[in-house]
Amino acid sequence: MIAEKLAPPTLGAWAAPQRVFGNARRLVRTHAFRLAALYFLVFAVSVSGVLLFVYWTSADFVERQTEATLDAEITGLAEQYAQRGLSGLVQIVAARSAGDRGDGMLYLVTGPDGGPLAGNIAAWPAGVPARAGRLFFTTAARVKERIEPHPAQGASFIIPGNYRLLVGRDISDATAFRNRVRTTLLWAGLVALGVGLLGGTAMSRNLLRRVEQVNRTSERVMAGNLSDRVPLAGTSDEFDQLAANLNRMLDQIERLMTAMREVTDDVAHDLKTPLARLRVRLELALLGGPDGSGQTEAIRSAIDEADRLLATFNALLSIAELESGARRDESEAVDLSEVARSAAELYEPVAEEKGFALALAAEPGVRIRGSRHLLSQALANLLDNALKYADGGEIQVRVERAEGRAALEVADRGPGIAEADREIVFDRFVRLERSRSTPGNGLGLSLVRAVTRRHRGTVELADNRPGLRVRLEFPALAA
Amino acid sequence: MKLLVVEDDRETALYLAKGLNESGYTVDRAGDGREGLFLAMSGNYDAIVLDRMLPTMDGLAVLGALRAAAISTPALILSALGSVDDRVKGLRAGGDDYLVKPFAFSELLARLEALLRRGAATAATTKLRVADLELDLLTRTVRRRDKPIEVLPREFRLLEYLMRNAGHVVTRTMLLEHVWDYHFDPQTNVIDVHVSRLRQKIDKSFDSPLLHTVRGAGYCLRAPEPPASR
């Protein structure tokens, strides 16, 4: 039974309609579709409203015109009757009925017997009651040798002596006009609604397509293709802005991921070697002579190795913490000159011993906001590097204020760093080939940069002709 | 001397207790912050070794509560957080010293003993004396066998710290922290040169050296052993 339930639905005949319905259902759920439907509804209501208004206005206008003409005619005939009596009326009717004046006016005067006395209608129209009042009737009109029924509108009057008067107007033209207007408007409405439907669909599809693009891109990114980006339409509308922002975010994520991967690789590589060395040392200690004389030494050097490893880990963690910017430390006003003086004082003896001349040129009272401890550490790293890579000569530590910036500079007379390498030396574990043999973990400058960035500063490496000049610049506090 | 070790990692706690026992201390252990605070509140301890990250109550919070209750037992903070700012924060929170895990036991012991001495020698002294070396804190002068010795201001502070801890090992890191207020270890052995310069001044022209290097640990300033013949 379970197997039956789990059996896949038969394909072919089933799949296609299911997909269509699925798509339709999905479409109905989309915001774009609802928007388009609303758009269409509003559009349809307003178009219908406009068209109905046009229709009513024109129909009303034609009707009024007919009635105005009829009224004028009736007034005229009434005057004639008043002045000249029945005979005058018959006369004027006969006169007006003579010939085709083309105004579509219809007249009929009948006697007490119902027979026509004058007028251009042969007989009292059938179905028209013999009483006074406004009425509609059908008349037989002669159009180009042909007799055809025409609608007419008019009024009938009872004249004393059982005479009757019918005044009317052929409204076939007006009716035709009204019908024409109706048809035209109907078609116009249908076309407009069609266009609206198409427009709404296109709009929603366009909207849907662009949302879909974003969705597809994020799906691909989630699937691991980090370098995929949302395509831009180049219209710089909200969607383009959204796409651009998303792309920027993806750039940032990619950069972070790459950096993280690099660090992980570096850690794996740079920490594996000392670990392997550590292991060998311990193994050798195990194999050591029976007197155990070498063991103490081996254990001691293993501990040293472990300490170096731990120092590397600590440096890595410090850099990561500084770079993540997750922590906001309470910062204080730090006197850079004081930081430099203190570091110079600490390093002066060791520099002298190694054959360097450490010179301090610190403008007094150059202050920035930050952490004295971190800045001291960065400066110490720079001094460590100078002592490590230069071969004697002068090391100059300089603090100055320049254009609202506070600068801290360490310059040595060593081999310097080739221009091409000046960017990569800040990366973690980067140690230029010639210096691989010197002790160090390749994290010094990474930490310097992390500290500098934390202080919203910049690091610049320059040629000291000869030597290296490292210049850190920070936003200065007022003197 | 009675110590309290507040540490949630059992292995570290056992290792600490064992080492401290062997060094002649009585050790109580607490496995979390609240228990640690409860024990420390008794005020029966000469020093506290306090892990920073503890269950139930953070180490710095324990310290804050202790200090608020006017219990000034010296505390050494242990932490896995090693950045310079973390250390400074730990010290500002009322810790008397700060050590980053993992640490060498010798370093911990040296620091702990320095803390214990500090607690003992609170009486204001104006002169420090080790054998025939004399340091006057008021006149800022150093004399040995009544011969004045010229020292730079920083050398004076270095010697003062060594003399206050006379007879005990002082590590390079301790010197960096207490004499230079540097809470990180530079890659260059800056301290060694400072110490050797100081040694030049106080030991060179005298037959009995006072300032000794302790291999793998640091330095120790101590009076020479009395002659064996006596």
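Predicted model: local features only at pLDDT ≥ 70, side-chain atom pairs only at ≥ 80, totals over all residues.
Local features are given only where pLDDT is at least 70 and side-chain atom pairs count only at pLDDT 80 or more, while totals for chains, interfaces and linings use all residues. Residues are numbered from 1 along each chain as its sequence is written, and chains are lettered from A and ligands numbered from 1 in the order in which they are written.

Chain B has eight helices and twelve strands; these are DSSP runs numbered from the N terminus, helices being H or I of at least four residues and strands E of at least two. Of its 230 residues, 38% are buried, where buried means that 20 or more other C-beta atoms, placed from the backbone, lie within 10 Å of the residue's own. Two residues are in contact if their C-beta atoms, placed from the backbone, lie within 7 Å. Among the contacts in chain B between residues at least 6 apart in sequence, 57% join residues at least 24 apart.

Strand 4 (residues 75–79) and strand 5 of chain B run parallel and are joined by four bridges; strands pair if DSSP finds at least two bridges between them. Ser79(B) has Val100(B) as its bridge partner in strand 5. Strand 5 (residues 97–100) is covered on both faces, with Asp97(B) and Leu99(B) buried on one side and Tyr98(B) and Val100(B) buried on the other.

The contact between the chains takes 23 residues from chain A and 20 residues from chain B. On the side of chain A, helix 6 (293–324), helix 7 (336–353) and helix 8 (372–389) each give two or more residues.

Helix 7 of chain A packs against helix 8 (residues 190–203) of chain B at an angle of about 85 degrees, with the axes 8 Å apart. Axes are lines fitted to C-alpha atoms over the stretch in contact, and angles run from 0 to 180 degrees between N-to-C directions. The two helices are therefore roughly perpendicular, a term that covers 65 to 115 degrees. Leu346(A), Tyr347(A), Pro349(A), Val350(A) and Glu353(A) meet Val190(B), Val193(B), His194(B) and Arg197(B) here.

A nonpolar core is a set of buried Ala, Val, Leu, Ile, Met, Phe, Trp, Tyr and Cys residues joined through C-beta atoms within 7 Å. The largest has 107 residues, of which Leu379(A), Val49(B), Leu50(B) and Leu76(B) touch the most other members. Beyond its neighbours within four places in sequence, Leu379(A) contacts Val339(A), Ala340(A), Ala343(A) and Leu408(A).

Conventions:
Buried ≥ 20, exposed ≤ 12 C-beta atoms within 10 Å, placed from the backbone. Parallel < 35°, antiparallel > 145°, perpendicular 65-115°, else oblique.
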